[in-house]
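My notes follow the display.

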Amino acid sequence: MTARDLARAYSGLATAGLAAAALVGWLSGSFAWGVAAALAAFIAWHAIQFRRFARWSRRPLGRLRTGDAVWEALADRLHRAVGLSRGRSRALVATLRRLRTTTDTIPDGWVILRTGGEIEDYNRGARDRLGLSASDHGQNLVALVRDPGIVSLLRGEVESDIVEIAAPADETRRIELRRIAIDAERALVMARDVTELNRLLTMRQDFVANVSHELRTPLTVIVGYLEELDEDNPDFETLREVLPKLTPPARRMRALVDDLLTLTRLESAPLPSDETTEDIDVALMLNTIVAEARQLSAGVHRIVLHAESDLHLRGVSTELYSAFNNLVTNAVRYSPDGGTIDVRWHRSAAGPRFEVEDRGMGIAPEHLTRITERFYRIDLAGARVRGGTGLGLAIVKHVLRRHRSVLQVESELARGSLFYCVFDPDRAGEDDAPVSATGSPEGATRTAAAASSRSPSAEA
Ligand code: ADP
């Protein structure tokens with residue numbers, strides 16, 4: 001019923017009532033008293049209705065039943081309006097709750113501050129990052145997080161409105177705070193944990209420093225020799241003497257650049273898929289690797305290959321060649337003359353297993369977890385003479401990770417090392433017509449050599 005309908009119905013009712021009262025009054029001979037009595041009854045009725053209405057309107061959740069259509073219609077209109085606004089507030093509260101839950105899931109923190117630094121609101125991230133508690137509304141942020149950086153930030157004294165402070169809850173972590181003005185009275189402070197970012201930046205700086213250092217050494221040698229030459233008139237004898245000396249440092253630089261490129265490729269290339277992998281005759285591959293290792297060893301080591309020639313592996317051939325080759329050449333480079341090196345490829349209960357065992361200088365426990373880091377080298381007299389870029393095991397780690405395997409190391413100082421890895425059984429392939437792997441003096445053996453159980457063991 002519209003307001004106009006209500007008014008019309010109401011005035012119709014009143015007019016009819018008054019007319020009836022007038023008629024009764026005229027018939028009874030007292031017109032005035034009749035109208036007065038009707039008016040009094042009318043007022044009394046509405047006074048009762050009004051009281052009911054007033055009582056009901058304090059909490060107008062249900063319908064008002066009074067027996068008066070006009071008051072009921074009025075009450076219905078109010079009831080509908082209240083219902084509508086309750087629905088809207090419920091939706092608003094739900095939206096606010098959702099917003100709060102969302103901002104609470106963001107790991108970054110935010111704090112809304114008034115001009116004096118009093119906290120108006122903040123999310124859970126701010127609690128975690130800045131060590132605020134659930135009841136810090138209205139408190140001054142400067143008093144809660146005691147750091148001179150915050151004072152300067154809130155005074156607008158720092159460049160780009162960004163400062164870095166130690167996390168109040170954990171001094172080892174670093175928090176970056178950024179101030180953003182909302183309006184004249186309020187500002188937003190964003191808090192972000194930058195510990196990991198700082199670590200990555202430091203790693204990048206260290207990496208660039210390491211590469212520069214590694215390149216600088218052979219470059220200095222080359223430049224030194226070149227400066228010995230008389231630029232205008234280099235005599236033939238000096239040239240003949242100097243030129244061969246340029247080759248080793250130049251090769252070293254090339255090896256370093258090659259390894260760096262390999263590592264970059266391994267890190268950025270998509271994981272091997274069915275299209276990029278092939279069935280590899282590992283025994284055949286190891287024949288070549290062992291033959292090259294023997295050349296590197298120049299006959300001073302005994303290198304023995306035990307390979308199950310019918311055990312194939314699905315993978316990226318170039319990558320696995322590089323990984324296996326690095327492990328075998330390391331065994332040669334870190335073994336004293338006369339040492340025996342065993343290279344094994346065989347089936348194991350967990351899956352196809354590759355291992356290289358040497359009786360060389362071994363690795364102390366404190367280095368075991370770090371030897372796969374780029375440029376990590378153990379400072380051992382004599383070891384560097386045989387070359388190496390410090391990237392070999394990092395390459396091995398990446399190749400194996402890309403083939404869902406892990407490099408494992410067991411080593412003991414002065415006793416030797418065992419480097420091994422196991423591949424998923426589903427990567428194994430069988431050759432129907434086994435080919436003999438003839439890389440070792442003994443030829444290929446079909447026996448699975450047991451792994452040495454020296455300790456300590458580490459996953460490098
Ligand atoms: P590098 O080019 O220096 O050999 P790697 O990444 O291949 O770099 O190896 C890292 C370090 O691990 C080496 O510098 C060496 O100290 C140690 N290492 C690797 N293989 C062996 C091994 N078979 N025996 C002893 N130490 C080894």
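The entries below begin with the ground rules and then take the topics in turn.

**Ground rules.** I am working with a predicted model, in which local features need pLDDT of at least 70 and side-chain atom pairs count only at pLDDT 80 or more, while totals for chains, interfaces and linings use all residues. Residues are numbered from 1 along each chain as its sequence is written, and side-chain values use heavy atoms, with hydrogens and water left out.

**Strands.** I took helices (H or I, at least four residues) and strands (E, at least two) as DSSP runs numbered from the N terminus, and I counted two strands as paired if DSSP finds at least two bridges between them. I looked up strand 3 (residues 162-167) and found that it pairs with strand 4 (residues 170-181) in the antiparallel sense over 6 bridges. The two form a hairpin with 2 residues between them, and I noted that Ala 167 has Asp 170 of strand 4 as its bridge partner.

**Ligand.** Which residues are closest to the ligand? Of the 18 residues that surround it, the closest are Asn 330, Arg 333, Tyr 334, Gly 390 and Leu 393, where a residue counts if one of its heavy atoms lies within 4 Å. By class, I read 8 nonpolar, 7 polar and 3 charged residues in this shell. I then looked up individual atom pairs: a side-chain N or O atom of Asn 330 is 2.9 Å from an oxygen atom of the ligand, and one in the side chain of Asp 358 is 3.0 Å from a ligand nitrogen atom. From the backbone, an N or O atom of Thr 389 lies 2.9 Å from a ligand oxygen atom. On its own the ligand has 530 Å² of accessible area, of which the protein covers 98%; these areas come from the Shrake-Rupley method with a 1.4 Å probe. Helix 10 (317-333), helix 12 (392-402) and strand 12 (416-422) are the elements that give two or more residues to the shell.

**Asn 325.** Is Asn 325 buried or exposed? This residue of helix 10 is buried, because its relative accessible area is 18% and the cut-off for buried is under 20% (1.4 Å probe, protein chains only). Leaving aside neighbours within four places in sequence, I found Asn 325 in contact (heavy atoms within 4.5 Å) with Ile 289 and Glu 292.

Definitions and conventions. Polar contact = N/O pair within 3.5 Å; in protein donor to acceptor, adjacent residues only side chain to side chain. Nonpolar A, V, L, I, M, F, W, Y, C, P; charged D, E, K, R; others polar. Buried < 20%, exposed > 50% of the residue type's maximum accessible area, 1.4 Å probe, protein only.
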